[in-house]
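Have the sequence and the 3D view open as you read.

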Amino acid sequence: MIFFGYFLIYIVRYNLSVHIVDMVEISKRILFSYYNETEILRTRPKYGMDLLHWNENKIALLLAAYHIGYCICFPIFHNLGDRFGPTWVVGVAGIISGALNCLVPSASWFSFWLFFIVRILNGFCAGAMLPSMIQVLRHWVPPIERHYFMWAYCGITTGTCSTFLICAAVQFYSKWSVGFYVCGAVQILWATIWLLVVNDSPDKHSFISKDELTYLKNTIGSVFTIQLMNSQAPWKLILKSVSFWAVCILNFGYAWMIISLCLHGPLYYTIILRYSIYEASTLTALPFLLRLILGTIIIQTYFWYKHNTKFRVIKNARKYFIIVSHVIPGLIVSMAWFVPFAPGPTILTIAVTLTAAGMDLIFDICYKLSPAYVNSINTVIKIIGNLPGIFVPFCVGEVTHKLQNTMHIWRYVWSFHGTVLLMCGLVFLIWGDTHVQPWNSIKRRFLKIVQVV
């Protein structure tokens, strides 16, 4: 259920990146005249739906809207999920998100700003669902078995990859509006099943066996609320920690590159490189499929090496992963500064595939810095890591709107993306740390007080 939850959240997150190619008459504007109209105009129907004329800035607003809602809601429900019951939060938010997704075609036709609000609310629902699903897991997954559960997180990459293929297939056989209906209906179905079969904790589950319940209680122990744990975190010390900010920057660059391709891949391949939307969607999905395969191999190999006593332990082994996940792909893409052509599918596919070396990197580094407050600091890092979803569309939209949407401009856009990834990796290699921080020991004193009480 968690796997499919992540899967559907990321389909809703990026389905607009594919459908907007057919929703908006962008290619005609670029080929014949530079369209700068701010109002929505309705023109000839395509596949039964009218085309919408929005400039690059309005497209940027729509692509950023989901991430705006997500950034607002994620920290709120990270603390409130336990109070309302994380299972109900996930289920209700999933149903609302699915319904909103079904309303997208009508909202886009009626008003640009209504469409913008619907996308913000979609992100708001995702911001409620993701932390609440994690809260459910804290009651169900023993700490010693959490590395097995990492497979559920593959729903993120699988959902991202599948988004482009599913949405392109829908557009091939039908029209873009059907893509939103299908995604919304499936998410409503999933959320309904979630409410019927999932419970907040093993104690509340109707079908759990006594042996399994005893095992989970003994291996998981006491589970404190996230709000209580966050309130005990030494935030002043954490925010002054260079190691903490180095991880934040590392994740920021990692997210910047991935989000850039997810948001603008289909547009870039269709408008600039002249691929069809189906070819563009396949090319955008390919690096995420390869990333899933390579990431799975790397994670399993690393855990096998970590628990194998026959091999000599390499100090700061995780820093070597950063060279593969940040430095090398950053160099590959940023080389466009010095060559007279924009990065094509081969370069972008190789670069994004190599980021697979960082799939489980951030959480593992957080755990090394502070086993006691890993969830608290990881939440802040995730919020900061989602900011590229706001910055990237606005930056690209402003540049392409003022300087024209041409291959020459996109060459510098991708060069900048690669430079961000490269610089963030270098910052961590210079100032980052992978050892337990002094402020982590405060947790032990807190636990002793709780146990005595």
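A salt bridge here is a side-chain nitrogen of Lys or Arg within 4 Å of a carboxyl oxygen of Asp or Glu. By this rule, the count comes to one salt bridge. Its partners are Lys402 and Glu398, whose side chains meet at 2.9 Å, N to O. Why can such pairs form? Side chains of opposite charge can pair when their charged atoms come close.

Lys402 and Glu398 are four residues apart in helix α18, so about one helical turn separates them. (Helices are DSSP runs of H or I with at least four residues, strands are runs of E with at least two, and both are numbered from the N terminus.) Lys402 is exposed at 62% relative accessible area, while Glu398 is partly exposed at 32%. Those words have cut-offs: buried is under 20% relative accessible area, exposed is over 50%, and partly exposed is in between, using a 1.4 Å probe and protein chains only.

## Where the numbers come from

This is a predicted model: local features need pLDDT of at least 70 and side-chain atom pairs count only at pLDDT 80 or more, while totals for chains, interfaces and linings use all residues. Residues are numbered from 1 along each chain as its sequence is written, and side-chain values use heavy atoms, with hydrogens and water left out.

## Two helices crossing

Helix α18 (residues 388-403) also packs against helix α12 (residues 242-272), at an angle of about 55° and with the axes 9 Å apart. That makes α12 oblique to α18. (Under 35 degrees counts as roughly parallel, over 145 as roughly antiparallel, 65 to 115 as roughly perpendicular, and the rest as oblique. Axes are lines fitted to C-alpha atoms, for helices over the stretch in contact, and angles run from 0 to 180 degrees between N-to-C directions.)

Tyr14 and Cys167 are 153 residues apart along the chain, yet their C-alpha atoms are separated by 9.6 Å.

Gln171 sits in helix α7 (residues 154-173) and counts as buried at 1% relative accessibility.
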